[in-house]
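Subject: Structure handover

Hello,

The structure we discussed is below, with the sequence. My notes on the pocket and on one helix pair follow.

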Amino acid sequence: MAIEVAVKAAVGALNVIGDCPFTQRVLLTLEEKKVPYILHLINLSDKPCWFLGVSPEGKVPVAKIDCQWVPDSDVIVRILEDKFPNPSLLTPPQFSSVGSKIGPAFGKFLRSKDPNDCSEQVLLRELKALDKHLMAHGPYVAGAKIGAVDLSLAPKLYHLDIALAHFKNFHIPQNLACLSAYKKLLFARESFVKTKAAPEHVILGWEAKVNAA
């Protein structure tokens, strides 16, 4: 039986996947495990009643697994790993937090209006730390095999590339060669190509947040 997943529809293009990195993480997990799924594209500006019935807070993603709607990408991914253990995407505990500070650092720098708040330096520090880890353990976070941490990082790095180039004219330094190779590896995977939002929808998705900062 196919897993049902309610996901954000793109702003201005309600028939395609929107820019939610947490949703993409779930879809990447399903794709890598070859689990069939059905998408429900949700207009978050005009949420249908049935969706609010299964997600009262109006948040995506939510997934219907074994006749029950489950919120939160962390929870969904954990259930999918238990229910569909092959191929395993488990990340060794010692690597489970690798890159975990990149998302918050990216968000803070993107919203920053103060060039002296060190938010760019904090982000660069986290990117350099990931590059150093990959130099020692790569090509993926835990070695030769892709895992859950990679599927969490991939959408964040994709958003970071697009949004920071557009809003901040920021690009990841070329000397972080292992990180650059890692991104190319992730972004070229069939699962990623199939589930990514278009760059213009990523920009639109962040625009309101940047302007509100």
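Which helix gives the most to the lining of the largest pocket? In this predicted model, that is helix 4, with four residues.

The pocket. The largest pocket has a volume of about 650 Å³. Its lining is made up of 28 residues, and those nearest the centre are Cys20, Pro21, Phe22, Val60 and Pro61. Two or more lining residues come from each of helix 1, strand 5 (68-71), helix 4 (102-111), helix 6 (148-168) and helix 9 (199-212). By residue class, the lining divides into 15 nonpolar, six polar and seven charged.

The helix pair. Helix 1 covers residues 21-32 and helix 3 covers residues 73-83. Their axes come within 9 Å and cross at roughly 5°. Angles under 35 degrees count as roughly parallel, and helix 1 and helix 3 are therefore roughly parallel to each other. On the helix 1 side, the contact is made by Phe22, Arg25, Val26, Thr29 and Leu30; on the helix 3 side, by Ser73, Asp74, Ile76, Val77 and Leu80. The residues of this contact comprise six nonpolar, two polar and two charged.

The annotation. An unreviewed UniProt entry places the feature "domain: GST N-terminal" at residues 10-88. Over residues 10-88, the chain is 37% helix and 25% strand, with the end C-alpha atoms 31 Å apart.

Regards

Notes:
Residues numbered from 1 in each chain as written. Predicted model: local features only at pLDDT ≥ 70, side-chain atom pairs only at ≥ 80, totals over all residues. Heavy atoms only, no water. Axes fitted to C-alpha atoms, helices over the stretch in contact; angles between N-to-C directions. Parallel < 35°, antiparallel > 145°, perpendicular 65-115°, else oblique. Contact = heavy atoms within 4.5 Å. Nonpolar A, V, L, I, M, F, W, Y, C, P; charged D, E, K, R; others polar. UniProt positions renumbered as here; feature names shortened; annotations may be inferred. 1 Å grid on protein atoms, 1.4 Å probe; cavity = no way out; pocket = protein on both sides within 12 Å on 5 of 7 lines; lining within 4 Å. Points joined across faces, edges and corners; volume = space filled by probe spheres on them.
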